[in-house]
Amino acid sequence: MRKKKMYPYWAVLPAIIIFTVFLVLPLLISLVCSFTDWNIRRLLTPSFRGLGNYGELFQDEIFLRSLFNTFLFAAATTLLKTLAGLGLAILIVRKIPCGKLLRTVYYAPCVLSVTVVGVLFKAILAKNGLLNNGIALLGAGADPIDWLAQYGTAIASVILIESWMWAGFNMFIFIAALQAVPREYYECARMEGAGSWVQFKKITLPLIAPSFTVVVTLGVSGGLKVFDIIYVLTNGGPGFDTQVLSTYVYQSFSLGYLGESSAGSVILCAIVTLISFLMNKYLIGKEVEA
């Protein structure tokens, strides 16, 4: 009887060990290092400096730009991926011709390597790339634009590419939710004279609310932690214009500012944890109301 009671504890022990070694311990070490002046020159003799690293970060214009870009990227990509995923899901569940093929086509970008996507779109968006050549053929452009060489077009390009990559993933979550809605509800609504928009607003949205919780929470947390697509496409450029928190921390660490980069990673961790928790709690509350 005692062995049966102890079994669940032994079953989760490997997961607890892995989680502690690869997540909790590094986070605690980063937290301690963030209060020191640890750098490549003082690798073995760091000294305590309190909140000095945090103060310097919030006085650094590049860090503040990175913070703004991170929030902008997370908000914009979450909105676009959610709307695109929902739209594609509604299209697919209506049993249009070639629906199964389109599911595969829309989901395909999710399984592509970010490096492959980055190289592909760098070639498309280059000054002499496919996009400018296409615009020139249509006679719509005067001078070719280097889309990744100026802030507005660079950040917009990265946001659109990220949304294109992951809209198909959200599509499958919404498809599962839409297929779980009983058809009888729609039949009753039609008998009462409700139009398509009223059915969508009063039946579909409330019943698929849990899927919005999943999609939005994953979108916000993933957007705040973004690194790979920025690094591959712009590397934070032009200059530091498209820098985000993850690339800022990476570059700071690469330059040998180990204490400062640790402070940046702690700030990033705190932002992701806090916003994800609050967002999840808010959306779950909306599920209950719905």
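Predicted model: local features only at pLDDT ≥ 70, side-chain atom pairs only at ≥ 80, totals over all residues.
Local features are taken at pLDDT of at least 70 and side-chain atom pairs at pLDDT 80 or more, whereas totals for chains, interfaces and linings use all residues. Residues are numbered from 1 along each chain as its sequence is written, and side-chain values use heavy atoms, with hydrogens and water left out.

The core comes first. A nonpolar core is here a set of buried Ala, Val, Leu, Ile, Met, Phe, Trp, Tyr and Cys residues joined through side-chain atoms within 4.5 Å. Buried stands for under 20% relative accessible area, exposed for over 50%, and partly exposed for what is in between, with a 1.4 Å probe and protein chains only. The largest such core has 18 residues, and Ile 161, Ile 229 and Leu 233 have the most contacts inside it. At least two of its residues come from each of helix H3 (61-93), helix H5 (114-125), helix H7 (151-179) and helix H11 (228-233). H7 gives the largest share, five residues. Helices are DSSP runs of H or I with at least four residues, numbered from the N terminus. In soluble globular proteins, nonpolar side chains tend to be buried together.

Contact means heavy atoms within 4.5 Å. Apart from neighbours within four places in sequence, Ile 229 is in contact with Phe 73, Val 114, Val 117, Val 158, Ile 161, Glu 162 and Met 165.

The twelve residues of H5 should span 16 Å at 1.5 Å a residue, and its end C-alpha atoms are 16 Å apart, which agrees. The expected span is 1.5 Å times one less than the number of residues. At the N-terminal end, Ser 113 caps H5, with a side-chain oxygen 3.2 Å from the backbone nitrogen of Thr 115.

Helix H4 (residues 99-111) has 13 residues and reaches 19 Å from first C-alpha to last, close to the 18 Å expected at 1.5 Å a residue. Its buried residues are Gly 99, Pro 109 and Cys 110, and what covers them includes H3 and H7.

The structure also holds three salt bridges, each a side-chain nitrogen of Lys or Arg within 4 Å of a carboxyl oxygen of Asp or Glu. Side chains of opposite charge can pair when their charged atoms come close. Lys 81 pairs with Glu 162, the closest N and O atoms being 3.9 Å apart. This pair links distant parts of the chain, with Lys 81 in helix H3 and Glu 162 in helix H7, 81 residues apart. Lys 81 is buried at 7% relative accessibility, and Glu 162 is buried at 9%.

Arg 65 forms a salt bridge with Asp 241, with closest N and O atoms 3.3 Å apart. Arg 65 lies in helix H3 and Asp 241 in the loop between H11 and helix H12 (245-254), so the pair ties together parts that are 176 residues apart in sequence. Arg 65 is partly exposed at 32%, as is Asp 241 at 26%. Arg 49 bridges to Glu 56, where the closest N and O atoms are 3.0 Å apart. Arg 49 is partly exposed at 32%, and Glu 56 is partly exposed at 37%.

Technical notes
Polar contact = N/O pair within 3.5 Å; in protein donor to acceptor, adjacent residues only side chain to side chain.
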